[in-house]
Every structure is written in C-alpha cells, then in structure tokens.
Amino acid sequence: MQNPNEHTQWNDILRSHGILPQKEKEITEDQIVNIVEDTINEKTGRTQNDLQEKTLDELDELEDEEDERVLLEYRQKRIAEMQQLAKEAKYGEVREISAQDYVQEINKAPEGLWVILHLYKPGIPLCTLVNQYLTSLARKFPATKFLKSVSTTCIPNWPDSNLPTIFIYNNGNMIKQIIGPIELRGMKLTEEELEWMLGEAKAVSTKITEDPKPKVRDVLFSTLKNRNDDLAEHNDW
C-alpha cells in the first residue's frame, strides 16, 4: 500500500478530491527562530507595559519591598556583629588581684586578649581618680580585661612616687607602661584623656583619635578672651 504522506502526483490528486487529508505543513528552522523571537518580545513588552501601567503607589510598594530586603540584610549583619561582641564581652569590671594571681591573669591570658593593670595605693587622690575612670572604661570596653592591685602587694618595694602606674599587656607581653603623676597628667586628667591613652596602645577600641587634652595655645586664648570680656563688661558700667 502506498504511503499517503508521500509527496507524489497521485496523492496530490487524491487530496484535491478530498479522498486523502491535507498533508501537515513542515516547520522550517527560520520559522522556529521567528516563533522564539516573537515569544521573547511579547514577554518583554508585557513586563515594560506592566511597569508603565502601575500607579505611583504600586511603584512605591515595589521600592518598599527592595528597601525591606536591604534593611533585612543590614539587620542580619548587625545581629552577627552583636553576637561576636557578646562573645568577646567577658569582663566589664575592674578586678582586684594579688601577686599570686599575676601569672594566671596576665601571663596565661587568652591569646589576643588585652589586659590593663593598675597599680595603686589607697589614700593617693590620683590613684582614686584613675580607679574611678577605669571602672567606667571597663564597662564601656568589656572585651578588655581590667585589673588593679595594691602596688606593694603585686610588686614589693614599688615606690609611691611611681603611682599611679598602668601596665598594658597583650599575649602575656607588656606593650606599654604609664608611670607616675606626670605621665598621667595629674588631677586634671579626664576620663577621655585616659581612654585616648589606652586607645593609643590599641588596648581599647576607642573612637577618640586625637588627644583631647586642651592645647596650651587654646588655654591661653580662652584666658585672654575671658579677660577681654570682663574688661568690656566693666567699661560698659
């Protein structure tokens, strides 16, 4: 039996009289390419039309969704940072130690940990002031270990003229020492100045990048200005 799908003259005659069904048209490669291109254009045009047809409120809603995504990413980042800080924040106070505690608390401190030791004596006003500031700074920088010890308890025969004394350690090694009232700027020392000193040694993550101590020039200028203001006020009388 002859294949009715073959392209023969006899089959064409039979199709013309309706005896055989019409043969399905073959799709060429060019037609396939055109179909794909038409589909892409149709979808792209629909997307552009969708945006053009949206109201301002609907566009704002799309922007809000994008803002929410950015805020969510920022929130997740901040949570991770806070979790890391919480992991590091193990201290937060100034602990009193004895000579027997020295090796364990300082030489055997965890790797990378900053340790600040204040040698003091009761009854010395500047030592009391420094202890007060360190108590506040210990709360502010809980990732740093703050210690204090009566000077002669920790180091026998340590002279009172060297007090207050601050030793700064990292990985069990002494990084910096601040010895005596002159280096610690006497009773005019401020907490911000002490924080800056500790930050200079990298012992605390302070945001104070410049020495907050008033410069001599600024002090003189302020004094002269106040004096001139007093004279001007007196002349007005």
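Reader: To start with F167: is it buried or exposed?
Author: F167 has a relative accessibility of 4%, so it counts as buried. Buried stands for a relative accessible area under 20%, exposed for over 50%, and partly exposed for the range in between, with a 1.4 Å probe and protein chains only.

Reader: And what kind of model is this?
Author: It is a predicted model, in which local features need pLDDT of at least 70 and side-chain atom pairs count only at pLDDT 80 or more, while totals for chains, interfaces and linings use all residues. Residues are numbered from 1 along each chain as its sequence is written, and side-chain values use heavy atoms, leaving out hydrogens and water.

Reader: How many aromatic pairs are there?
Author: The whole structure contains 3 aromatic pairs. One of them joins W158 and F167 edge-to-face, with 6.0 Å from centre to centre and 75 degrees between the planes. F167 and Y169 make another edge-to-face pair, at 6.4 Å between centres and 80 degrees between planes. Rings of Phe, Tyr and Trp (its six-membered ring) pair if their centres lie within 6.5 Å; planes under 30 degrees apart are stacked, over 60 edge-to-face, and the rest tilted.

Reader: Which residues form the aromatic cluster?
Author: Y102, W158, F167 and Y169 form one cluster. W158 is buried, as is F167.

Reader: What about Y169, buried or exposed?
Author: Y169 is buried, because its relative accessible area is 3%. Its side chain makes a polar contact of 2.7 Å with the side chain of Y102. A polar contact is a pair of N or O atoms within 3.5 Å; within protein, one must be able to donate a hydrogen and the other to accept it, and residues adjacent in sequence count only if both atoms are side-chain atoms.

Reader: Where is Y169 found?
Author: Y169 belongs to strand β4. Helices (H or I, at least four residues) and strands (E, at least two) are DSSP runs numbered from the N terminus.

Reader: Which way do the residues of β4 point?
Author: T165, F167 and Y169 point one way, and I166, I168 and N170 the other. In β4, 6 of 6 residues are buried, so the strand is mostly covered by that definition.

Reader: How many strands form the sheet?
Author: An open sheet is formed by 5 strands in the order β1-β3-β2-β4-β5, with mixed pairing. Its edge strands, each pairing on one side only, are β1 (94-96) and β5 (173-179). Two strands pair if DSSP finds at least two bridges between them.

Reader: How do β2 and β4 run?
Author: Strand β2 (residues 114-120) and strand β4 (residues 165-170) run antiparallel and are joined by 6 bridges. W114 stands opposite N170 in β4.

Reader: And how do β4 and β5 pair?
Author: They pair in the antiparallel sense, over 6 bridges. The two strands form a hairpin with 2 residues between them, and N171 in the turn has a positive phi of about 55 degrees. M174 in β5 is the bridge partner of Y169.

Reader: A change of topic: how many disulfides are there?
Author: The structure holds 0 disulfides, a disulfide being a pair of cysteine sulfur atoms within 2.5 Å.

Reader: Is C127 buried or exposed?
Author: C127 is buried, because its relative accessibility is 1%. C154 is buried with a relative accessible area of 12%.
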